[in-house]
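We will go from the whole chain to a few selections, one stop at a time.

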Amino acid sequence: MVCECDGDGDEEDFNVAVGYSLYADNAGIRAIAVTSRCVACGRLGYWVDWMVRTGDTTLLELA
Ligand SMILES: [Zn+2]
């Protein structure tokens, strides 16, 4: 990824966060969202989200 601020010129570091929502009965994952923050300028963005609609929670058990 490359931020619009061009970071420190050599490389760019980002913090990455992942969030998710569960169905009310904890029957599975409803959606996942991923976003990033540029360490150099603090700009938030470059996010994406997916509607998952699955009952599979195997990955949550690994977190
Ligand atoms: Zn930046």
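Start with everything displayed: among the contacts in the protein with a separation of 6 or more, 36% join residues 24 or more positions apart. Keep in mind that this is a predicted model.

Now colour by secondary structure. The protein has 1 helix and 3 strands, and along the sequence they follow the pattern β-β-β-α. Of the 63 residues, 14% are buried.

Next, select the zinc ion. Which residues are its protein donors? Show the SG atoms of Cys 3, Cys 5, Cys 38 and Cys 41, which lie 2.2 to 2.4 Å from the zinc ion. The angles that these 4 donor atoms subtend are 106 to 114°, so the arrangement is tetrahedral. For comparison, the ideal angle for four tetrahedral donors is 109.5 degrees.

Look at the spacing of the donor residues in sequence: C-x1-C-x32-C-x2-C. Cys 5 sits in the segment before β1 (14-22) and Cys 38 in strand β2 (residues 29-38), so this pair ties together parts 33 residues apart in sequence. Buried or partly exposed: how do Cys 5 and Cys 38 compare? Cys 5 is partly exposed at 31% relative accessible area, whereas Cys 38 is buried at 1%.

For the last stop, select Val 48, Trp 50 and Val 52, which make a nonpolar surface patch of about 240 Å². Trp 50 belongs to strand β3 (residues 44-54) and is partly exposed, with 46% relative accessibility.

Conventions:
Residues numbered from 1 in each chain as written. Predicted model: local features only at pLDDT ≥ 70, side-chain atom pairs only at ≥ 80, totals over all residues. Heavy atoms only, no water. Donors = N, O, S within 2.8 Å, 3.2 Å for Na, K, Ca; no water. Tetrahedral: all angles 85-135°; square planar, octahedral: opposite > 155°, others 65-115°. Helix = DSSP H or I, 4+ residues; strand = E, 2+ residues; numbered from the N terminus. Buried < 20%, exposed > 50% of the residue type's maximum accessible area, 1.4 Å probe, protein only. Patch = residues over 30% accessible without salt bridge, like charges linked within 9 Å, V, L, I, M, F, W, Y side chains within 5 Å. Areas by Shrake-Rupley, 256 points an atom, 1.4 Å probe, with all protein chains shown as cover. Salt bridge = Lys/Arg side-chain N within 4 Å of Asp/Glu carboxyl O. Contact = heavy atoms within 4.5 Å.
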